[in-house]
Number of protein chains: 2
Amino acid sequence: MKRPTLEAVAARAGVSRATVSRVVNGQSTVTPEIRDTVLRAVSELGYVPNSAARSLVTQRTDSIALVISEPATRVFSDDRLFSMVVRTVSSELESSDKQIVLMLASSPRGHERVERYISSGHVDGVLLLSMHGADPLPAALNRMGVPVVSYGRPAVAVALPYVDNDNVGGAGAAVRHLLSTGRRRIATIAGPQDMIGGQDRLTGYRDALRNSDRRSIVAVGDFTRASGADAMRQLLEDDPALDAVFAANDEMAIGALRALRRAGRRVPDDVALVGFDDIEAAAYTDPPLTTVRQPITEQATAMVRLLLTPAKDRTTDHIILPSELVIRESA
Amino acid sequence: MKRPTLEAVAARAGVSRATVSRVVNGQSTVTPEIRDTVLRAVSELGYVPNSAARSLVTQRTDSIALVISEPATRVFSDDRLFSMVVRTVSSELESSDKQIVLMLASSPRGHERVERYISSGHVDGVLLLSMHGADPLPAALNRMGVPVVSYGRPAVAVALPYVDNDNVGGAGAAVRHLLSTGRRRIATIAGPQDMIGGQDRLTGYRDALRNSDRRSIVAVGDFTRASGADAMRQLLEDDPALDAVFAANDEMAIGALRALRRAGRRVPDDVALVGFDDIEAAAYTDPPLTTVRQPITEQATAMVRLLLTPAKDRTTDHIILPSELVIRESA
DNA sequence: CCCCGAACCGAGAGCGCTCTCTTTCAGATC
DNA sequence: GATCTGAAAGAGAGCGCTCTCGGTTCGGGG
């Protein structure tokens with residue numbers, strides 16, 4: 001009843017273990033005739049190699065970890081991003097016959113678990129989804145010699161390969177769109193400044209404004225809907241005459257939209273509004289939200305490519321992909 | 001530079017491999033003093049057990065597979081369902097220190113891959129998300145002796161543990177709600193009849209109607225938005241006087257909503273509409289969709305429990321969880 | 001004082017595989 | 001016909017761990 005071993009197959013085919021191993025691993029130095037005998041024995045016994053034994057000697061596991069490092073509350077704030085990344089990574093790895101081990105590292109305990117797991121040699125590489133610049137995990141993983149690719153630029157201190165979308169460029173495009181439609185007083189609701197995305201999108205906003213001669217009007221949120229509403233109220237108080245807002249993500253934009261309506265401003269007639277991310281809900285707001293879309297699929301693909309390319313063969317250690325402005329009705 | 005082994009730790013602590021193993025695995029038959037020496041050696045060397053070697057002898061891997069068996073196009077038709085299941089399963093497994101290996105089996109090739117992977121002893125158990133009744137995968141996995149729990153009742157032929165929501169009851173609740181709000185001609189847009197969900201929800205509809213003395217009006221869709229619109233048009237043609245529709249899922253309900261509007265019917269004034277699933281988009285329709293929500297979190301939790309309970313200790317091999325009617329504005 | 005059992009530690013086998021090294025043997029060469 | 005060559009198959013070590021089994025120590029009872 002237990003699973004057949006190499007030994008059993010060898011016995012049945014009347015050859016040695018080594019020969020069966022050669023056949024199973026597709027080496028060419030086996031006489032076709034013997035090869036056939038072995039293959040027949042394999043299928044008769046239903047032999048499947050034992051992965052533990054194999055990776056004990058090869059030092060490979062043919063699986064990679066997809067680590068999501070986020071505080072529990074925010075993990076799936078964007079389900080679609082998550083599922084698209086997973087789907088893309090999965091199909092991308094399929095061709096190289098590798099598996100995905102999914103790990104959610106929300107708590108410090110979770111982090112420790114991830115580190116232990118990775119360092120026990122369970123995986124050949126790590127894809128790290130961490131939006132938080134101050135996250136200690138990238139550095140920790142990097143230290144233990146496993147190939148790691150990060151989704152989003154990691155904190156400056158660490159030098160590890162990453163894929164990111166063009167936050168600066170995307171924010172710039174949003175602001176330029178507002179400028180080109182004749183808006184004059186363009187405010188921003190920035191994201192938390194301890195996150196790379198928050199920083200870069202603010203930079204993009206500032207750069208674009210500097211090139212015109214508008215002054216910047218900034219409020220800071222924390223990427224949540226409520227903080228977007230708060231920030232919007234404050235902006236209206238500071239500058240009641242503003243006629244456009246760029247929010248650093250869609251959640252905050254949705255909060256801002258609500259606050260604007262409550263303050264009696266029409267969108268886009270009185271105030272134009274642009275978000276960032278193009279989450280699913282952005283298409284359902286009233287009016288539908290103009291926003292900046294990250295090329296999620298391309299990013300995921302790039303991550304896998306980067307991870308599977310041996311460090312010495314790499315021409316670059318990071319890839320920045322362009323974001324796309326999706327124009328709907330809010331601006 | 002390479003990772004330290006048990007041997008190295010043993011040498012440093014001045015004990016045998018066996019003793020270190022005992023300490024690492026938390027056995028009590030070790031003198032506290034020696035235990036401390038060993039633990040010190042472990043942390044000094046940064047020792048982490050090699051998982052391949054361990055599972056080669058223990059025959060355990062401490063990871064379980066989450067297999068999503070769906071045609072590629074439909075896999076993530078509901079991102080939220082997917083991510084909630086993943087999150088719940090993940091945190092549920094955390095306490096027993098197991099990992100999730102994620103496998104998407106969309107193509108026949110994918111199925112074959114999954115089977116090979118599972119049968120190579122890579123995982124201790126399988127959680128199977130398969131909505132398609134005719135799927136051959138449940139049976140195949142069941143055959144190879146790995147514990148499997150299915151999300152959704154599998155095809156009748158297979159006898160494997162599963163967790164499901166109360167499709168019949170949920171559909172019944174939807175219909176009774178329509179009856180109680182005074183609707184008289186209640187139609188349904190049924191799902192595909194080769195899927196368990198499609199069958200059961202139709203049964204629930206029929207049962208509820210039979211208990212009143214209304215006659216049933218049925219059109220069949222395939223769970224897509226377009227098929228919902230088609231079915232709705234046909235229903236209106238068959239019975240222009242209908243005043244309520246129960247759609248077997250939200251996607252079809254959204255399609256139906258569009259068709260109704262195009263036909264000049266007001267929802268809910270002229271025609272009341274109820275969906276099923278409570279996908280994210282259901283909250284954003286105009287009017288927001290009344291629907292039946294599956295208790296996703298509870299289902300995921302139940303699956304894990306079922307999987308981790310040894311077959312002989314089980315009191316039941318399936319768990320049916322109640323669905324909840326979410327009343328919004330469409331009915 | 002000796003013996004016996006309990007408690008603890010070490011020796012060693014073995015999990016199933018890969019891979020190097022050696023052996024074998026057919027065919028080529030002189 | 002003896003020697004050489006190279007390709008193909010086998011022998012055997014060893015990956016890092018667990019676990020059984022046997023040995024050692026120590027305290028307490030006869």
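Modeller: Start with one helix. α5(A) lies across β1 (63-69), β2 and β3 of chain A together with β2 of chain B. The helix α5(A) runs at about 75 degrees to β2(B). Keep in mind that this is a predicted model.

Biologist: Which strands form the sheet, and in what order?

Modeller: First, the general idea. Strands of a sheet pair through backbone hydrogen bonds, either parallel or antiparallel. Now the case here. The sheet is open and has 12 strands, with mixed pairing. Read the order as β11(A)-β5(A)-β4(A)-β3(A)-β1(A)-β2(A)-β2(B)-β1(B)-β3(B)-β4(B)-β5(B)-β11(B).

Biologist: Which are the edge strands?

Modeller: An edge strand pairs on one side only. Here the edges are β11 (318-321) of chain A and β11 (318-321) of chain B. From one strand to the next, the twist averages 20 degrees.

Biologist: How many bridges join β2(A) to β2 of chain B, and in which sense do the strands run?

Modeller: There are 3 bridges between β2(A) and strand β2 (residues 99-104) of chain B. The two strands run antiparallel. To find the place, look for I100(A): its bridge partner in β2(B) is L102(B).

Biologist: Now a pair inside chain A. In which sense do β3 and β4 of chain A pair, parallel or antiparallel?

Modeller: Parallel. Strand β3 (residues 125-130) and strand β4 (residues 148-151) of chain A pair over 4 bridges. One place to look is L128(A), whose bridge partner in β4(A) is S150(A).

Biologist: Back to the two chains. How many residues does each bring to the contact?

Modeller: Chain A gives 33 residues and chain B gives 33 residues. On the side of chain A that touches chain B, four elements each supply at least two residues: α4 (51-58), α5 (79-94), β2 (99-104) and α6 (108-119). The largest share, 7 residues, comes from α5(A).

Biologist: How do the residues on that side of chain A divide by class?

Modeller: They divide into 17 nonpolar, 11 polar and 5 charged.

Biologist: Next, the DNA. Which residues come nearest to DNA strand D?

Modeller: Of the 25 residues around DNA strand D, the nearest are T31(A), T5(B), L6(B), S21(B) and A53(B). The largest share, 5 residues, is from α4(B). By class, the surface near DNA strand D has 13 nonpolar, 9 polar and 3 charged residues.

Biologist: And which come nearest to DNA strand C?

Modeller: T5(A), L6(A), S21(A), S16(B) and T31(B), out of the 25 residues around DNA strand C. Two or more residues come from each of α2 and α4 of chain A, and α2 and α4 of chain B. For DNA strand C, the largest share is 5 residues, from α4(A). The classes are 13 nonpolar, 9 polar and 3 charged.

Biologist: Last, a helix pair. At what angle do the axes of α1 and α3 of chain A cross?

Modeller: Helix α1 (residues 6-13) and helix α3 (residues 32-45) of chain A cross at roughly 125 degrees, and their axes come within 9 Å. The two helices α1(A) and α3(A) are therefore oblique to each other. Their crossing is right-handed.

Biologist: Which residues make that contact?

Modeller: From α1(A), A8(A), V9(A), R12(A) and A13(A). From α3(A), T37(A), V38(A), A41(A), V42(A) and L45(A). By class, this contact of α1(A) with α3(A) has 7 nonpolar, 1 polar and 1 charged.

Terms used:
Residues numbered from 1 in each chain as written. Chains lettered and ligands numbered in written order. Predicted model: local features only at pLDDT ≥ 70, side-chain atom pairs only at ≥ 80, totals over all residues. Contact = placed C-beta atoms within 7 Å. Nonpolar A, V, L, I, M, F, W, Y, C, P; charged D, E, K, R; others polar. Pairing = 2+ DSSP bridges. Near = placed C-beta within 6 Å. Axes fitted to C-alpha atoms, helices over the stretch in contact; angles between N-to-C directions. Parallel < 35°, antiparallel > 145°, perpendicular 65-115°, else oblique. Left-handed = near helix turned anticlockwise from the far one by under 90°.
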